[in-house]
Amino acid sequence: MPFSDIIGQERAVEILRRELSHGRASHAYLFSGMECIGKKQTALAFAMAVQCGQVPGDSCGECLSCRKIRQGIHPDVRLYVPEARTKGATEKIYIDQVRELQATIFLRAMEGKKKIFIIDDADRMMDHAANALLKTLEEPPPDSFLILVTAFPDLLPLTVLSRCRVVRFKPLSSSAVEEILVLKRGLSAEQAGTMARYSQGSLGRVLNAEAGDLVSQRDRFMELRQRWDPGSVGSVFEVSGGFEKKTNEAIDFMEFLVTWNRDLIAMKLTGDKGMLTHADNAPDLAGESGRKDLTDLLNHADILEEALRRLRMNINQRLALEAALIRMGNEAAV
Ligand SMILES: [Zn+2]
């Protein structure tokens, strides 16, 4: 899709358009920001803008080149994604994928003006694959662009990060999620509104679930949260026991706790219900935030962020969840 079709990432798109139209585009970018907010689509829009030539600073979205990029068959626009090479294995980007990129990047473009290489989920690169890529990042050929896309830039080696121009993508606003759901998914404004409220800034969350599912999932998490007694380790095990093999559910629960905690902080600092993700639970939030100390809530935000990072890295999910809940309980007891 052209830049002009990307919703909710105006700042990132503007930076890229400006750099492209002034001939100042970097040959190595890192697009960073949470999952499912339009980073990969923007990388493809960048590729279309480079190759198309019909619309200054953007692409037409209609010509042969644009259509080939959209279909993933343009020979000068290559997308690398993590692969699971054995059944059940974690998806990784392997060194032979990087070697293939390196073999192609020094060849002349076949159809387009330039060559664009996009590495999605770049944080999943194996160490030696990242090391191999370094050489290319140091001196990318002038007729090529490399775009690394990641939700977890801190998992990439600093040597890789430091060679890329970083473009940050922010979480989508509720209204942007709503607009995307209405325009691209044909939902009614009411359905889109309900789903957007629970999206927490990520479109992936709502695209993978129906509105009713999200609401009932939220209710279940609320119930689990209430069962968790911060002073009791036994209750922590009771909560975490429900997630033993359902890894994504543990992550969803943790993300729910993050938004709940964020709402507690917002209530404490501003009392403004308009800022809340869980606005329909404003009375509960007001009561709880009144009983809690701001320093504890801020500490909890750090604990939750670290736990979420560990959960996503596939470290023992149940342990990470339990450790976070126990640490938060200890804070409350101090
Ligand atoms: Zn075009």
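Tutor: The protein chain is divided into domain 1 (3-168), domain 2 (172-208) and domain 3 (211-333), with bounds that come from an automatic or database domain assignment. This is a predicted model, in which local features need pLDDT of at least 70 and side-chain atom pairs count only at pLDDT 80 or more, while totals for chains, interfaces and linings use all residues. Residues are numbered from 1 along each chain as its sequence is written.

Student: What separates the centres of domain 1 and domain 3?

Tutor: The centres are taken over C-alpha atoms. For domain 1 and domain 3, the separation computed in this way is 35 Å.

Student: In which order do the five strands of the open sheet stand, and which of them are at the edges?

Tutor: Strands (E, at least two residues) and helices (H or I, at least four) are DSSP runs, numbered from the N terminus, and two strands pair if DSSP finds at least two bridges between them. The pairing in this open sheet is parallel, and the order is β2-β3-β4-β1-β5. Each edge strand has a single partner, so one side of each is left without a neighbour in the sheet, and these strands are β2 (77-80) and β5 (165-168).

Student: Which strands does helix α2 touch, and what angle does its direction make with that of β4?

Tutor: Axes are lines fitted to C-alpha atoms, for helices over the stretch in contact, and angles run from 0 to 180 degrees between N-to-C directions; residues are in contact if their C-beta atoms, placed from the backbone, lie within 7 Å. Helix α2 (residues 39-52) packs on the sheet and touches β1, β2, β3 (115-119) and β4 (144-150). The direction of α2 makes with that of β4 an angle of about 170°.

Student: Are α1 and α2 roughly parallel or roughly antiparallel, and which residues make the contact?

Tutor: The axes of helix α1 (residues 10-21) and α2 come within 11 Å and cross at roughly 20°. Angles under 35 degrees count as roughly parallel, over 145 as roughly antiparallel, 65 to 115 as roughly perpendicular and the rest as oblique, which makes α1 roughly parallel to α2. The contact is made by Ala12, Val13, Leu16 and Leu20 of α1 and Thr42, Phe46, Ala49 and Val50 of α2.

Student: Are α2 and α3 roughly parallel or roughly antiparallel to each other?

Tutor: The axes of α2 and helix α3 (residues 64-71) come within 9 Å and cross at roughly 155°. The two helices α2 and α3 are therefore roughly antiparallel.

Student: How does α4 lie against α5, and is the crossing left-handed or right-handed?

Tutor: The axes of helix α4 (residues 95-105) and helix α5 (residues 127-138) come within 8 Å and cross at roughly 15°, which makes α4 roughly parallel to α5. A crossing is left-handed if the near helix is turned anticlockwise from the far one by less than a right angle, and right-handed if clockwise. The crossing in which α4 passes α5 is left-handed.

Student: Which residues of α4 and α5 make the contact?

Tutor: From α4, the contact includes Ile95, Gln97, Val98, Arg99, Gln102 and Ile105. From α5, the residues are His128, Ala129, Ala132, Leu133 and Thr136.

Technical notes: Contact = placed C-beta atoms within 7 Å.
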